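Please examine the structure shown below.

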Amino acid sequence: LMSPKYWLLTAAVTLASVNAQAVLFAFVAFLVESGLTLGKATGIYSVANLCAVPAMFVAGMAADRWGARNVLSIAVVLQCIGTFALLGIATPGPLGFFAVVLFCIGWGMTSGVVSQLGPILLGDLIGPRHFSAVLGIMTAVAGLISATSPMGTALLREHGFSEALVFQGLGIVCLLVVPLVYLAMSGKHRAAWSASPT
């Protein structure tokens, strides 16, 4: 717990989770306010969630091949792009359809990747000896903070911030994850698994 790298990784996981939770609970209302019917908005919601299922398999195989750090960094950039795509979904014509596809693929396929790859990075960072305890703390911190993000979004809206501005901020939050992950995972950590007692 005294390791700065542990808290950098915890911050990265938390920020990505904040984006996922805030967007998840706000974007249907945003699309309805933007002129879409409730049926279309919830249909997009369903497709985006469905995209998360194959993404878990893809992320796992990609992490085995290219490393969890690299895959997670790419995933949060795609999550950012998908969040920004929300702003164009209500646009009529092909541009709106492209925004839907970009959101479902960009955000839908990546919003759950951090919960999958974060523990892998944590294991590489600290080894098996205290893994369960520190994973529990990381999950509690990320879960508690991200659970308040829908309320934070609502409060920002009540204080005059537009939904579009809020989503732009949530997209930028994802970009902050990348340097945090690379700072946390700089150097070699995988040896900790074999060096630590089992």
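**Charges, fold and cysteines**

In the chain, the mean position of the 8 positive charges and that of the 5 negative charges are 16 Å apart. Lys and Arg count as positive and Asp and Glu as negative, while His and the chain ends are not counted; each charge is placed at NZ of Lys, CZ of Arg, CG of Asp or CD of Glu. The model is predicted, so local features need pLDDT of at least 70 and side-chain atom pairs pLDDT 80 or more, whereas totals for chains, interfaces and linings use all residues. Residues are numbered from 1 along each chain as its sequence is written, and side-chain values use heavy atoms, without hydrogens and water.

The chain has nine helices and zero strands, these being DSSP runs (helices H or I, at least four residues; strands E, at least two) numbered from the N terminus. Its C-alpha atoms fill a box of roughly 60 × 35 × 25 Å along the principal axes. Contacts are heavy atoms within 4.5 Å; of those in the chain with a separation of 6 or more, 81% join residues 24 or more positions apart.

Of the 198 residues, 43% count as buried, meaning under 20% relative accessible area with a 1.4 Å probe, protein chains only.

The structure holds zero disulfides, a disulfide being a pair of cysteine sulfur atoms within 2.5 Å. Cysteine 104 is buried, because its relative accessibility is 5%; its sulfur lies 5.4 Å from the closest cysteine sulfur, in cysteine 51, too far for a bond. Cysteine 174 is buried at 0% relative accessibility, and its sulfur is 6.1 Å from the closest cysteine sulfur, in cysteine 80, again too far for a bond.

Note on methods. Buried < 20%, exposed > 50% of the residue type's maximum accessible area, 1.4 Å probe, protein only.
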